[in-house]
Amino acid sequence: MESVALTVIVTYKTLPGKAEAFYRAVTESGVAAGVRQEPGNHGYSFYLPLDEEDTLVLIEQWENEDAADAHAFTDNVKKMGTIKPDYVLETKAVRYCRYKG
């Protein structure tokens with residue numbers, strides 16, 4: 001099993017009723033599939049919270065910080081930037097490293 005050194009949890013607060021449409025737009029555009037092919041990517045999965053409407057959570061897993069940093073400059077991120085305005089009000093991304101205690 002490959003090691004994941006960095007997990008990024010991105011929370012998207014969407015326009016009312018737009019969380020699922022945003023997910024479809026991202027997947028149908030090829031962004032999600034493209035990110036999964038980026039060097040150092042070990043996961044790119046979306047989740048809908050059970051108790052929170054108008055929210056979509058994305059969990060990204062990266063081999064290291066360099067891979068995650070490089071991702072920010074890809075065509076996939078540029079394309080995501082063209083999709084978000086139609087669906088997203090607020091984006092919060094938090095990076096987590098594996099606890100080594």
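**Aromatic rings around an open sheet**

Hi everyone, let me start with a trio: Y12, F22 and Y87 form one aromatic cluster. Before I go on, please keep in mind that this is a predicted model.

How many aromatic pairs does a search of the whole structure find? The count is 4. Let me take the pair of F22 and Y87: the ring centres are 5.9 Å apart and the planes sit at 35 degrees, so this pair is tilted. For those of you thinking about the cut-offs, planes under 30 degrees apart would count as stacked and over 60 as edge-to-face. F22 belongs to helix α1, while Y87 is in the loop between α4 (75-83) and β4, so the pair ties together parts that are 65 residues apart in sequence. Are these two residues buried or exposed? Both F22 and Y87 are buried.

Now a second pair, Y44 and F46. Here the centres are 5.5 Å apart with the planes at 90 degrees, so we call this one edge-to-face. Y44 has 3% relative accessibility and counts as buried. F46 is buried too, with a relative accessible area of 14%.

Let me stay with F22 for a moment. Leaving aside residues up to four places away in sequence, F22 touches Y12, T14, L56, M80, I83, K84, Y87 and V88.

On to the core. The largest nonpolar core has 22 residues, and the members that touch the most others are Y12, F22, V26, Y44 and F46. Which elements give two or more residues to this core? They are β1, α1, α2 (31-36), β2, β3, α3 (65-71) and α4.

Next, the sheet itself. It is an open sheet of 4 strands in the order β2-β3-β1-β4, with antiparallel pairing. β2 (41-47) and β4 (88-97) are the edge strands, each pairing on one side only. On average, neighbouring strands are turned by 15 degrees against each other, if we ignore direction. As a quick reminder, strands of a sheet pair through backbone hydrogen bonds, in a parallel or antiparallel way.

If you zoom in on β2 and β3 (residues 55-62), you will find them paired in the antiparallel sense over 6 bridges. Within that pairing, V57 in β3 is the bridge partner of Y47.

Finally, where does helix α1 go? Helix α1, residues 19-28, lies across β1 (6-14), β2, β3 and β4, and runs at about 35 degrees to β3. And F22, where we began, lies in that helix.

Technical notes
Residues numbered from 1 in each chain as written. Predicted model: local features only at pLDDT ≥ 70, side-chain atom pairs only at ≥ 80, totals over all residues. Heavy atoms only, no water. Pairing = 2+ DSSP bridges. Axes fitted to C-alpha atoms, helices over the stretch in contact; angles between N-to-C directions. Contact = heavy atoms within 4.5 Å. Phe/Tyr/Trp six-rings, centres within 6.5 Å; stacked < 30°, edge-to-face > 60°. Buried < 20%, exposed > 50% of the residue type's maximum accessible area, 1.4 Å probe, protein only. Core = buried A, V, L, I, M, F, W, Y, C linked by side-chain atoms within 4.5 Å.
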